[in-house]
Amino acid sequence: MAILLFMITRNFLTFDIEEWFHANYDGIDSSQYDFQSTELEANVDRLIAICDTFNVKSTCFILGDVARHKPHIVKKLFDAGHEIASHGSSHKLIYPMTPDEFRTDIQMSSEILEQIIGEKVIGFRAPSWSVKSDTLSWFYEVLAEEGFLYSSSVYPAKNTLFGIESFPDTPHYPSSAKILEIPQSVMKLFGNRVGYAGGGYLRFFPTWLIKRVVRAKNNEGKSVFIYVHPREIDIHQPRLQLGWMDGYFHYQGIAGCEEKLSLLLEEFSSSFIRMDDYATKVSAGEISV
Ligand SMILES: [Zn+2]
């Protein structure tokens, strides 16, 4: 019975807690924008309320810069029972960094998050899934040396911005560094892998299709994770000046995103666990990946 329970209780709800201007497109410099007077806190409050409605605890990958400017948001999420994890310091892409630059970036992020919550942060998500094949050789080693237990940083498919097509699409240990990677959930569409449960993918595909794929994956014993950014439920957010294709991917489907999230949580509410709980159980050998 215990085994059966673990088989069905391992989907993840994750939020990347960042401002509306944190995006890694050419020509966008997020350092020029102001952290004050944004709707981030109001949007986070709405996400917390949705989670409360369906009694779901999420994992929140929070930017160090957000924690520095708005520590009360971190505390609010923590007090509501959500996991506080790291999304790096200032939303810099990982692959152009040296290992030492990456180490400094995650140290700064962990320091401020841990200072606010009084607990160790053990989960990391790369900004914009910016881990490439040649980054993997040092990425997990640095995370392990800095005390992390898991990462949720790889898009195991390809799009114009990110992804590693050949990467396994289920949780596993990619290296001897003993960091569990929980890759983004993908489905097969016309023979190619593509995301469906987060960000622009979640906003693009209809709810009935997403539900069907989640059910099918779970029936195969595979976990699924949903991810949403606070700005994705905010139709009034300011707009970045993007080309038509990036602009479409970045902004389509926002009007219906909050309702879509609610419908997914309504159906799968009993299946979600926090990533730290999952990674800790896997690490202890209590459940297998
Ligand atoms: Zn992000």
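User: First one: does S128 count as buried or exposed?
Analyst: This is a predicted model, so keep that in mind throughout. S128 counts as buried, because it has 21 C-beta neighbours inside 10 Å and 20 or more is the cut-off.

User: And where is S128 in the fold?
Analyst: S128 lies in the loop between β4 (123-124) and α6 (136-145). Its phi is positive, near 55°, and the residue is something other than glycine.

User: OK, what about N55, what's its phi?
Analyst: About 55°, so positive, although N55 is not a glycine. N55 is located in the loop between α2 and β2.

User: Is N55 buried or exposed?
Analyst: Exposed: N55 has 11 C-beta neighbours inside 10 Å, and the limit for exposed is 12 or fewer.

User: Switching to α4. Which of its residues are buried?
Analyst: In helix α4, which spans residues 71-79, the buried ones are I73, V74 and L77. They sit on the same side of α4, because they cover an arc of only 100° around the axis.

User: Why would residues spaced like that point the same way?
Analyst: An α-helix has 3.6 residues a turn, so residues three or four places apart point the same way.

User: What's on the face turned away from the buried side of α4?
Analyst: The exposed residues H72 and D79 are carried there.

User: And what covers the buried residues?
Analyst: The cover for the buried residues of α4 includes strands β1 (12-17), β2 (59-62) and β3 (83-86), along with helices α2 (40-54), α3 (64-69) and α5 (99-117).

User: α5 is in that list. At what angle do α4 and α5 pack?
Analyst: About 60°, with their axes 9 Å apart. That makes α4 oblique to α5. On the α4 side the contact is made by P71, V74, K75 and F78, and on the α5 side by L113, I116 and I117. The crossing of the two helices is right-handed.

User: What follows α4?
Analyst: G81 does, and its phi is positive, near 95°.

User: Now the core. Which residues touch the most other members of the largest nonpolar one?
Analyst: That core has 73 residues, and the ones touching the most other members are I17, C60, I62, I84, Y150, A197 and I226. The element that gives the most to this core is α2, with six residues.

User: How does α8 pack on α10?
Analyst: Helix α8 (residues 207-219) packs on α10 at an angle of about 30°, with the axes 10 Å apart. That makes α8 roughly parallel to α10. α8 passes α10 in a right-handed crossing. In α8, T207, I210, K211 and V214 meet K260, L263, L264, E267 and F268 of α10.

User: Where's S175, and what does it touch?
Analyst: S175 is in the loop between β5 (150-151) and β6 (180-181). Not counting residues up to four places away in sequence, S175 touches L136 and Y140. S175 is partly exposed, with 15 other C-beta atoms within 10 Å.

User: Last one: W244, buried or exposed?
Analyst: W244 counts as exposed, with 7 C-beta neighbours inside 10 Å. W244 belongs to helix α9 (residues 244-251).

Key:
Residues numbered from 1 in each chain as written. Predicted model: local features only at pLDDT ≥ 70, side-chain atom pairs only at ≥ 80, totals over all residues. Helix = DSSP H or I, 4+ residues; strand = E, 2+ residues; numbered from the N terminus. Contact = placed C-beta atoms within 7 Å. Arc of directions from axis to C-beta. Core = buried A, V, L, I, M, F, W, Y, C linked by C-beta atoms within 7 Å. Axes fitted to C-alpha atoms, helices over the stretch in contact; angles between N-to-C directions. Parallel < 35°, antiparallel > 145°, perpendicular 65-115°, else oblique. Left-handed = near helix turned anticlockwise from the far one by under 90°.
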